[in-house]
Amino acid sequence: MKVYNWHKIDGLTAESLAENKLTEVLVAEKRIGLLKQKDKIMAFTAACPHAGVNLCTGWVDAMGRIVCPEHKYRFDPANGRNTSGEGYKLFTYPVEIRDGEIYVGLLPAL
């Protein structure tokens, strides 16, 4: 079982986070993207695993996938899988909502 360090996202709540809008936050010095879809909030590394481009400057397509603005690679925000066939995987983080506040789980540093 993985043990996470949970970090509260300051300045955002589950209610204030816009639906289908990519939002970048800084969590323990890591750039993390957030995406709310149908009241579920997902967290992922904000940098594209292919070229490092900021995914939060991209968009969400009609299928709910994150689209990289550089090469148009598409990622499933729930599991990080590349859905356009290039073979890259986006790292995702667990999210908890506690009293409306957003918490992201990071693994402890070794």
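**Entry 1**

I began with strand β3 (residues 30-37) and strand β4 (residues 40-45), which run antiparallel and are joined by six bridges. Strands here are DSSP runs of E with at least two residues, helices are runs of H or I with at least four residues, and both are numbered from the N terminus. I noted that two strands count as paired if DSSP finds at least two bridges between them. The model is predicted: local features need pLDDT of at least 70, side-chain atom pairs count only at pLDDT 80 or more, and totals for chains, interfaces and linings use all residues. Residues are numbered from 1 along each chain as its sequence is written, and side-chain values use heavy atoms, with hydrogens and water left out.

Within this pair, I found L34 opposite A43 of β4. The hairpin has two residues between its strands, and K38 takes a positive phi near 50 degrees there.

**Entry 2: the sheet around the hairpin**

I next looked up the sheet that holds β3 and β4. It is an open sheet of four strands in the order β2-β3-β4-β8, with antiparallel pairing. Its edge strands are β2 (23-27) and β8, each of which pairs on one side only. Strand β8 (residues 92-93) runs antiparallel to β4 and is joined to β4 by two bridges. For F44, I recorded T92 in β8 as the bridge partner.

**Entry 3: the three-stranded sheet**

I then turned to a second open sheet, made of three strands in the order β5-β6-β7 with antiparallel pairing. Here β5 (59-60) and β7 (74-75) stand at the edges with a single partner strand each, so one side of each has no neighbour in the sheet. Strand β6 (residues 66-67) is joined to β7 by two bridges, and the two run antiparallel. I66 stands opposite F75 in β7.

**Entry 4: A47**

I examined A47, which lies in the loop between β4 and β5. This residue is partly exposed, at a relative accessible area of 21%. The classes are buried under 20%, exposed over 50% and partly exposed in between, with a 1.4 Å probe and protein chains only. Leaving aside residues up to four places away in sequence, A47 touches R31, G52, V53, L55 and L90; contact means heavy atoms within 4.5 Å. I also noted that A47 and C68, 21 residues apart in sequence, are 9.2 Å apart in space, C-alpha to C-alpha.

**Entry 5: the whole protein**

The protein has zero helices and ten strands. Its radius of gyration is 13 Å, close to the 13 Å that the globule rule gives for 110 residues, so the protein is as compact as a globular protein of that length. That radius is taken over C-alpha atoms, and the rule is 2.2 Å times the number of residues to the power 0.38. The C-alpha trace spans about 35 × 35 × 25 Å along its principal axes. Of the 110 residues, 38% are buried. Among contacts between residues at least 6 apart in sequence, I recorded that 39% join residues at least 24 apart.
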